[in-house]
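Dear colleague,

The findings follow directly after it.

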Amino acid sequence: MKLRAQSLGWTSGRKTVVDDVSLEIGSGETFGIVGPNGSGKSTLLRLLTGLLPRASGQVYLDDSPLTQLSRRAIAQRVAFVEQMADTTEALRVRDAVELGRTPWLSALAPFGPEDRRIVNDALVATDLVHLTDRTWSTLSGGERQRAHIARAVAQQPGLLILDEPTNHLDIHHQLSLLRLVSRLSVTVVMALHDLNQALRCDRLGIMEQGRLVACGSPAQVLTPQRIAAIFRVHVTPLHDPLDNTTLFRFHAFEDTPRHPFSVR
Ligand SMILES: Nc1ncnc2c1ncn2[C@@H]1O[C@H](COP(=O)(O)OP(=O)(O)OP(=O)(O)O)[C@@H](O)[C@H]1O
């Protein structure tokens with residue numbers, strides 16, 4: 001599914017939280033959004049789902065304006081996992097993941113074997129099979145996060161929007177989540193804090209004070225100079241010979257006053 005956002009904006013009182021953001025994301029692309037705390041990443045993701053009232057601009061899903069789609073039509077196309085999302089405490093994990101099928105069910109198409117298969121696949125993909133009968137309140141933070149992702153995967157959307165999906169996850173589950181996401185044949189937009197994880201995205205957008213200040217391939221946008229200017233840290237690019245990739249090591253300005261990529 002193709003996503004196009006045109007001049008998105010959102011203000012709260014006098015504060016402009018998201019300021020005139022336009023972007024286009026191709027079908028099947030994994031697009032990461034990075035930026036410092038409070039730069040507007042979560043708000044931009046909410047704008048992309050049409051969840052925020054009083055928004056300006058327009059979002060198009062495959063050329064259909066979001067505002068012309070019913071809630072059900074949007075739910076069949078877009079799954080959103082919010083930061084610190086929560087759900088009813090009495091639910092079991094399987095029930096929570098089955099909720100992902102809701103947009104596809106009706107009186108004429110009740111929950112059936114195909115829905116059960118899709119839910120089982122989502123539970124396997126997120127390593128939750130051993131927890132299917134556990135109640136929500138007994139889960140750890142990382143297990144809850146994986147259950148939210150499983151629910152979104154079971155929804156079989158064309159567009160998956162994830163707000164800091166690796167939060168709470170141990171390193172094994174972080175890597176398997178990113179692997180899962182990159183293998184899904186859906187368009188993915190996700191906010192990330194870990195710039196090394198962001199390097200794996202097809203393209204990245206950088207948010208700063210509500211504006212999209214850079215957009216392009218990770219190598220184009222995550223330059224040491226830009227990281228220093230926006231994130232206020234020095235970065236040393238390192239090389240991993242195992243898969244011939246670049247990764248970053250970060251240094252506080254105070255600890256590296258004469259860092260070669262200093263912008264001050
Ligand atoms: N409803 C609101 N009313 C007032 N200010 C808001 C509201 N929602 C968000 N903000 C402010 O807008 C800014 C952007 O918030 P947002 O949550 O989008 O940032 P973020 O980039 O996702 O941050 P973080 O990395 O900390 O999760 C913040 O300064 C936040 O305090």
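By class, the shell around the ligand consists of one nonpolar, eight polar and two charged residues. Here Ala, Val, Leu, Ile, Met, Phe, Trp, Tyr, Cys and Pro count as nonpolar, Asp, Glu, Lys and Arg as charged, and the others, Gly among them, as polar. The residues concerned are Ser-12, Lys-15, Val-17, Gly-35, Asn-37, Gly-38, Ser-39, Gly-40, Lys-41, Ser-42 and Thr-43; a residue is near the ligand if its C-beta atom, placed from the backbone, lies within 6 Å of it. Strand S2 (15–25) and helix H1 (41–49) each contribute at least two residues to this shell, and the largest share, three residues, is that of H1. Helices (H or I, at least four residues) and strands (E, at least two) are DSSP runs, numbered from the N terminus.

Please note that this is a predicted model, in which local features need pLDDT of at least 70 and side-chain atom pairs count only at pLDDT 80 or more, while totals for chains, interfaces and linings use all residues. Residues are numbered from 1 along each chain as its sequence is written.

Turning to the sheets, four strands form an open antiparallel sheet in the order S2-S1-S4-S5, where two strands pair if DSSP finds at least two bridges between them. Its edge strands, each pairing on one side only, are S2 and strand S5 (64–65). Within this sheet, strand S1 (residues 3–12) and strand S4 (residues 56–61) are antiparallel over five bridges, and Arg-4 stands opposite Tyr-60 in S4. H1 lies across S1, S2 and S4 and runs at about 120 degrees to S1; axes are lines fitted to C-alpha atoms, for helices over the stretch in contact, and angles run from 0 to 180 degrees between N-to-C directions.

A further open sheet has six strands in the order S6-S7-S8-S3-S9-S10, with mixed pairing. S6 and strand S10 (211–216) are its edge strands, each pairing on one side only. Neighbouring strands of this sheet are turned by 15 degrees against each other on average, direction ignored. S7 and strand S8 (residues 187–191) pair in the parallel sense over five bridges, with Ile-161 opposite Val-189 in S8. Strand S9 (residues 203–208) and S10, by contrast, pair in the antiparallel sense over five bridges, and Gly-205 has Cys-215 in S10 as its bridge partner. The hairpin of S9 and S10 has two residues between the strands, and Gln-209 there takes a positive phi near 50 degrees.

Helix H5 (residues 141–154) has 14 residues and reaches 20 Å from its first C-alpha to its last, close to the 20 Å expected; the expected span is 1.5 Å times one less than the number of residues. Because 11 of its 14 residues are buried, H5 is largely enclosed by the rest of the structure. A residue is buried if 20 or more other C-beta atoms, placed from the backbone, lie within 10 Å of its own, exposed if 12 or fewer do, and partly exposed in between. The buried residues of H5 pack against strand S6 (78–81), helix H3 (93–98), helix H4 (113–125), strand S7 (159–163) and helix H6 (171–183). Just after H5, Gln-156 takes a positive phi of about 45 degrees.

Val-93 belongs to helix H3 and is buried, with 26 other C-beta atoms within 10 Å. Leaving aside neighbours within four places in sequence, Val-93 is in contact (C-beta atoms, placed from the backbone, within 7 Å) with Leu-128, Leu-131, Thr-132, Arg-134 and Ala-147. Ala-147 is itself among the buried residues of H5.

Technical notes: Contact = placed C-beta atoms within 7 Å.
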